Amino acid sequence: MTSLPGGTDHGDFAAQRPALVCARCGTPADGPPPTWTCSVEGGVRRYFCDACSRKNLRSIEGRLDSAWW
């Protein structure tokens, strides 16, 4: 097995990732947010927490082409 420079096989991959916060309400993600919604707007990835996603579900779905539903 080959290690990355720095000594450990695990590295600090999680420490290198920026902390995620909800783009709408600012709630910080507690670890990887598997249930959050991700949107690409203007080429920028934006994440939305569960609460904001649920509150705005109709608006989110309203922007999808009919092929998606």
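The paragraphs below lead through this predicted model, from the whole chain to its hairpin, its core and a few side-chain pairings. Residues are numbered from 1 along each chain as its sequence is written, and side-chain values use heavy atoms, with hydrogens and water left out. Because the model is predicted, local features need pLDDT of at least 70 and side-chain atom pairs count only at pLDDT 80 or more, whereas totals for chains, interfaces and linings use all residues.

The protein chain holds 3 helices and 2 strands, where helices (H or I, at least four residues) and strands (E, at least two) are DSSP runs numbered from the N terminus. Along the sequence these elements follow the pattern α-β-β-α-α. Of the 69 residues in the protein chain, 10% are buried, a word that here means under 20% relative accessible area, with exposed meaning over 50% and partly exposed in between (1.4 Å probe, protein chains only). The protein chain exposes about 6100 Å², and carbon and sulfur atoms supply 55% of that area, as computed by the Shrake-Rupley method with a 1.4 Å probe, in which only the protein chains shown count as cover for residues. Among contacts (heavy atoms within 4.5 Å) in the protein chain between residues at least 6 apart in sequence, 28% join residues at least 24 apart.

Strand β1, residues 37–41, and strand β2, residues 44–48, pair in the antiparallel sense over 5 bridges, pairing being assigned if DSSP finds at least two bridges between two strands. They form a hairpin with 2 residues between them, and G42 in the turn has a positive phi of about 60 degrees.

E41 forms a salt bridge with R46, their closest N and O atoms being 2.6 Å apart; the term requires a side-chain nitrogen of Lys or Arg within 4 Å of a carboxyl oxygen of Asp or Glu. A search of the whole structure finds 1 salt bridge. Side chains of opposite charge can pair when their charged atoms come close. E41 is partly exposed, with a relative accessible area of 30%, and R46 is partly exposed as well, at 29%.

The largest nonpolar core consists of 5 residues, namely C22, W36, F48, C49 and C52, a nonpolar core being a set of buried Ala, Val, Leu, Ile, Met, Phe, Trp, Tyr and Cys residues joined through side-chain atoms within 4.5 Å. W36 sits in the loop between α1 (13–16) and β1, and it counts as buried because its relative accessibility is 16%. Leaving aside neighbours within four places in sequence, W36 is in contact with residues including C22, P28, F48 and C49.

What joins the side chains of T37 and S53? The link is a polar contact of 2.7 Å, that is, a pair of N or O atoms within 3.5 Å, of which, within protein, one must be able to donate a hydrogen and the other to accept it, while residues adjacent in sequence count only if both atoms are side-chain atoms. Beyond neighbours within four places in sequence, S53 is in contact with T37, F48 and I60.
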